[in-house]
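Reader: I have not looked at this structure before. Could you take me through it in questions and answers?

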Amino acid sequence: MAESFRSSTSPCQTSSRALAEAMQRHLFFSQAKSPSLATRHDHYRCLALAVRDRLLHNWVDTAETYTQAQVRTAVYLSAEYLLGPHLDNNLVNLGLRQEAEQACHELGLDLEELIREEPEPGLGNGGLGRLAACFQESMATLELPAIGYGIRYEFGIFRQQITTQGQQESTDSWLAQGNPWEVIRPEWSYPVTIGNHTVIGVAYDTPILGYGVRTTNTLRLWAASAPEALDFASFNAGDYTKAVLHKMQSETLSKVLYPNDEPEQGKRLRLSQQIFFVSCSLQDMFRILRGQGLPAREFHRKFAVQLNDTHPAIAVAELMRLLLDEHRLDWDTAWGVTTASLSYTNHTLLPEALETWGIDLFQQLLPRQLEIIYEINARFLRMARIRYPGQPDKLARLSLIEEGPHRKVRMANLAVVGCHHTNGVAELHSELLRRHVLADFAELWPDRFTNVTNGVTPRRWMAVANPALANLLDDVIGSHWRRDLTHLQALGKHTGDDAFLQRWRGVRDASKQRLVQHIHQTQGILLDHSSLFDVQVKRIHEYKRQHLAALHVVERYLRLRNGEDLPPRTVIFGGKAAPGYAMAKLIIRLIVGIAEIVNMDPAMAGRLRVVFVPNFSVSLGQLIYPAVDLSEQISTAGKEASGTGNMKMALNGALTIGTLDGANIEIRDQVGADNFFLFGHTAEQIHEFDRMGYHPMPWIEKDPIVREVIELIGSGHFSEGDRDLFHPLLANLTSHDPFKVMADIGDYRQAQNHVDACWQDPSRWARMSVANTMGCGFFSSDRSIQEYAERIWKVAPVPVEATTRSL
Ligand code: Z57
């Protein structure tokens, strides 16, 4: 592995001995402890701090390089970063993994145990937040000058517990034991005025390490604080509570991440969070610009700013405000700078997920920005009116304002109008954006619309998560796949090699055993690692159709009870439901109910197991993805923008059972139709259902198996006799079925039968598994970032040279 580093780079010559000594020093000088009192967490912190010491040269050199070279910089604005734990990833990217293992060994410690001590920064909900984290790492690895900006939530995504009652939430205090990876920068703080309050945003920086390069970029997260700790007027008047109230209200801004993955519900605090981090970030960019002696009108030459969904779309109005009011540019110049700086990524086709804000709320919180939005809209509609004379309906659809009794600002429209490019995240998604959701804009400005298919970082999702696979790949195709994932193609020469296939199966089996051990220790359930691991882990949402998979499990249970001989399966679910999303929580209860009955039925022993893994997270993903045989990617076609778990599983050798949705289509193209279990209606057919009027009943009537499944659930079999519990779910499926579960379940069954048949032939399955890893080189986030950099940002790599420093 070490050989894949540019030898001249060797970021830090650190021997295991030096690392061990550094850990001992930190135990004394940072933790103020003697070895006899040190806890495991102390040891984790010592290792983290020793690693941090070793990345600081690169981090400081990177900042110095960017400052001296006056380089064009990519800026990523995202309300979420689902980073996952840093330690293992930083060790791998520094090339220090083995040294750390040795150093721990010398100290009588277990590196893996220390790695597990790190609470993960869960500053995101799901795919969108994790994509932002993969992108940061890829930008650093590609040596791109880049900054990520976001919010330092004190509480990230809630912790999920699973009981017989379903999901229970508790707060995630990821900062409770301190965070060795961040550096506070109190000197870089900015005021943001919201309504008649001003809050201060303080910068906290986290290093983002490139793999095998010196480049170490910065993720800058803003924490809210009050301008004054105490309101002295109140304090002196004896009203102590009131004296601290404003401080508390201000700090509430960055308290907690909103736990909704898709739908937005227009909360005041959420809009405040958005303007808060966007304004701090833009002010920070102007500070950097000034530091380089550049005037405000050159902003767009220095910065290419990517909006991750509409959450930071207020940047269009805020950048205009800063250019007009603070930097005194005229409207046309300011508008030219704004639209040349910003670009926008859309992540959803679900209409209910498109953000809008009530005018009243906007007026209260951001009156000046609203005024600017009105002016942008007036000028935009003036232009559009000339282009579309006598088409008021079209103008009403294009408008930044939704008219009606409750007027609203449409953030997606604002983003498209204020950005030079808008992209979707998979081919189908971008196509549907152009054809449906943003069709009026695509007609007006066809050249603004483009696609950048998502990707995932092979460092975290292969090298860190699956070291056994990484070793095998190194032996067989060399180590270069870490920086250029298309090298996986070279596996093609080995698909006929029995010894290789044997090793492949060994790697997969070891990953499954590792998961079996974890589930045994944490949940007390003993699984059979030789059974087929059928896995669906992702946020719980009706459009992702966990209920389709659950109904199929019930069907298998019935078939097994009827004496049918099916190959042994372990069905694993995981994922969080938004706390206010009742139907998603009911789906969790259904899965838990099914698991309870199936797992205690002696007739199912050795044949079927069902597990809901609680609190799915980045860390658990690293454990689960490598152990997946069958990857469930079964969303209603046209609903999943891309999906990225689908890529992580296929890269680690899973076969996909999936619909023609999101990036599934491109995965199937890359790995070959023979190595993919396809089922279900196409996006076009689903669209026709909606146009013609869809009803699930005809589908149910011609499917006796699904009727039996629904009856069994309705009888209370999985709810201790309670016939009402699952009624809302069953009633929804049999009367409306908005996500077309009933239209697809027959075809799903057929595809699952085909899965069973393929699984019966282990060497065939192994070849199909290799074909999946081999074909997925395209899905590296390095490739996605290269496309953004070349086609949208026009940002080029700037390698970081070492400076000599007497430290
Ligand atoms: C989110 O995780 C995604 C889209 C959203 O609009 C919001 Br809000 C949160 C996801 C999509 O559902 C996935 O299909 C996609 O892969 C991911 O974003 C990254 O693009």
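**Ligand and protein**

Author: Ala-641 places a backbone N or O atom 3.3 Å from an oxygen atom of the ligand. Taken alone, the ligand exposes 470 Å², and the protein buries 98% of that. The model is a predicted one.

Reader: How many charged residues are in the shell around the ligand?

Author: The ligand is surrounded by 16 residues, and the closest are Asp-261, Glu-262, His-347, Glu-640 and Gly-643. By class, the shell has 5 nonpolar and 7 polar residues, and the number of charged ones is 4.

Reader: From which domains does the shell around the ligand draw at least three residues each?

Author: One of them is made of several segments, 70–84 + 122–156 + 168–256 + 264–354 + 418–456 + 783–807. The other covers 527–773. In that order, they are domain 2 and domain 3.

Reader: Why is the protein said to be as compact as a globular protein of its length?

Author: The secondary structure of the protein comes to 33 helices and 22 strands. For 807 residues the globule rule gives 28 Å, and the protein counts as compact because its radius of gyration is close to that, at 27 Å.

Reader: What share of the residues in the protein is buried?

Author: Along its principal axes, the C-alpha trace spans about 80 × 75 × 60 Å. Of the 807 residues in the protein, the buried share is 60%.

**Single residues**

Reader: Is Ser-781 buried or exposed?

Author: Ser-781 belongs to helix α33, residues 781–793. Its side chain makes a polar contact of 2.7 Å with the side chain of Ser-138. The relative accessibility of Ser-781 is 0%, so the residue is buried.

Reader: What is the C-alpha separation of Arg-791 and Gly-195?

Author: Arg-791 also sits in helix α33. With 34% relative accessibility, Arg-791 is partly exposed. Along the chain, Arg-791 and Gly-195 are 596 residues apart, and their C-alpha atoms are separated by 39 Å.

Reader: Which residue has a side chain in polar contact with that of Gln-274?

Author: Gln-274 lies in helix α9, which covers residues 268–291. At 2% relative accessibility, Gln-274 is buried. The contact between the two side chains is 2.7 Å, and the partner of Gln-274 is Glu-355.

Reader: How far apart in space are Ile-657 and Gln-633, C-alpha to C-alpha?

Author: Ile-657 is part of strand β21, residues 655–658. Ile-657 is buried, at 0% relative accessibility. In sequence, Ile-657 and Gln-633 are 24 residues apart, while in space the C-alpha atoms are apart by 6.1 Å.

Reader: What is the phi of Gln-70?

Author: Gln-70 is in the loop between α2 (40–69) and β1 (73–77). At 43% relative accessibility, Gln-70 is partly exposed. Gln-70 is a residue other than glycine, yet its phi is positive, near 50°.

Reader: Is Asp-309 buried or exposed?

Author: The loop between β10 (303–308) and α11 (315–326) holds Asp-309. Although Asp-309 is not a glycine, its phi is positive, about 70°. The relative accessible area of Asp-309 is 8%, and a value under 20% means the residue is buried.

Definitions and conventions
Residues are numbered from 1 along each chain as its sequence is written. Side-chain values use heavy atoms; hydrogens and water are left out. A residue is near a molecule or strand if one of its heavy atoms lies within 4 Å of it. A polar contact is a pair of N or O atoms within 3.5 Å; within protein, one must be able to donate a hydrogen and the other to accept it, and residues adjacent in sequence count only if both atoms are side-chain atoms. Accessible areas come from the Shrake-Rupley method with a 1.4 Å probe; for residues, only the protein chains shown count as cover. Ala, Val, Leu, Ile, Met, Phe, Trp, Tyr, Cys and Pro count as nonpolar, Asp, Glu, Lys and Arg as charged, and the others, Gly among them, as polar. Domain bounds come from an automatic or database domain assignment. Helices (H or I, at least four residues) and strands (E, at least two) are DSSP runs, numbered from the N terminus. The radius of gyration is taken over C-alpha atoms; the globule rule is 2.2 Å times the number of residues to the power 0.38. Buried means under 20% relative accessible area, exposed over 50%, partly exposed in between (1.4 Å probe, protein chains only).
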